[in-house]
Amino acid sequence: MEIAQMHRQLQDLTDRAEITDLMDRYLRSLDERVFDEAWARAFHTEDVTAEMPIGTVHGREAVLAHTRRGMALFDRTVHLGAGFVIGIDGDRATVRGAQLSTHVLAGGSENPFVSGGRTLTELVRTVDGWRISASALHVAWTRGTPPRVPEEWTAPPAT
């Protein structure tokens with residue numbers, strides 16, 4: 001095996017490990033519930049787009065605000081990701097995976113609200129490492145009573 005080929009394989013393995021670590025740390029961070037500017041910079045690009053069950057937002061500050069607002073609907077959560085299929089093309093990557101999310105509603109019943117779905121995440125390599133540039137969570141099923149989401153969170157902006 002040539003040195004150049006070994007270097008490419010090593011870079012591919014390193015990228016996959018870094019991307020998997022980023023995805024796992026992101027899901028764990030949702031359960032740790034510390035959403036500040038450092039959190040936003042650690043995971044997202046400045047111009048990120050995030051499609052969430054409570055609406056789609058653009059820009060790191062908007063993702064931060066939307067995540068804070070959405071996670072405030074719950075007292076406790078556990079988010080699990082699995083089955084990451086990673087495609088890497090230079091300094092860009094995609095991750096397709098599955099997500100199982102268990103939520104205990106804020107101030108409510110101990111009966112959990114559970115959702116399962118699939119994720120599609122786009123990443124870019126930055127000087128600080130891989131960052132999420134776009135993400136989408138598509139919920140396939142739910143069980144339990146969902147939180148009451150204010151209509152203005154999911155309604156399209158007035159024109």
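A: Let's start with a term: a helix here is a DSSP run of H or I, at least four residues long, and helices are numbered from the N terminus. Keep in mind that this is a predicted model.

Q: Fine. How many helices and strands does the secondary structure of the protein chain come to?

A: The protein chain has four helices and six strands. Going along the sequence, the pattern is α-α-β-β-α-β-β-β-β-α. If you'd like a box for it, the C-alpha atoms fill roughly 60 × 35 × 25 Å along the principal axes.

Q: What percentage of the 159 residues count as buried?

A: For that you need the cut-off: buried means under 20% relative accessible area, and exposed means over 50%. By that rule, 37% of the 159 residues are buried.

Q: Now the rings. What describes a pair of aromatic rings?

A: You use two numbers, the distance of the centres and the angle of the planes. In this case, searching the whole structure turns up four aromatic pairs. Take Trp 39 and Phe 43: their ring centres are 6.0 Å apart and their planes meet at 55°, so the pair is tilted.

Q: Where do Trp 39 and Phe 43 lie?

A: Both belong to helix α2, residues 37–43, and they are four residues apart, about one turn of the helix. Ring pairs also join Trp 39 and Phe 43 with Tyr 26 and Phe 35 in a cluster.

Q: Is Trp 39 buried or exposed?

A: Trp 39 is buried, because its relative accessible area is 6%, and the cut-off is under 20%. Phe 43 goes the same way: its relative accessibility is 5%, so it counts as buried.

Q: What about Asp 31: which helix is its place?

A: Asp 31 is in helix α1, residues 3–32. With a relative accessible area of 22%, Asp 31 is partly exposed.

Q: Which residues is Asp 31 in contact with, leaving aside neighbours within four places in sequence?

A: They are Thr 77, Val 78 and His 79. Look at the side chains of Asp 31 and Thr 77: they make a polar contact at 2.6 Å. A polar atom of the Asp 31 side chain also lies 3.4 Å from the backbone nitrogen of Val 78. As for Glu 61, which is 30 residues from Asp 31 along the chain, the two C-alpha atoms are separated by 20 Å.

Q: In which strand is Ser 115?

A: Ser 115 is in strand β5, residues 113–126. At 8% relative accessibility, Ser 115 is buried too. Beyond four places away in sequence, Ser 115 touches several residues, among them Gln 99, Leu 100, His 103, Val 139 and Trp 141.

Q: One last stop: where is Ala 106 found?

A: Ala 106 is in the loop between β4 (92–105) and β5. Its relative accessible area is 36%, so Ala 106 is partly exposed. Not counting residues up to four places away, Ala 106 touches Ala 72, Leu 73, Phe 74 and Asp 75. Compare sequence with space for Met 71: Ala 106 and Met 71 are 35 residues apart in sequence, and their C-alpha atoms are 9.2 Å apart.

Technical notes
Residues numbered from 1 in each chain as written. Predicted model: local features only at pLDDT ≥ 70, side-chain atom pairs only at ≥ 80, totals over all residues. Heavy atoms only, no water. Helix = DSSP H or I, 4+ residues; strand = E, 2+ residues; numbered from the N terminus. Buried < 20%, exposed > 50% of the residue type's maximum accessible area, 1.4 Å probe, protein only. Phe/Tyr/Trp six-rings, centres within 6.5 Å; stacked < 30°, edge-to-face > 60°. Contact = heavy atoms within 4.5 Å. Polar contact = N/O pair within 3.5 Å; in protein donor to acceptor, adjacent residues only side chain to side chain.
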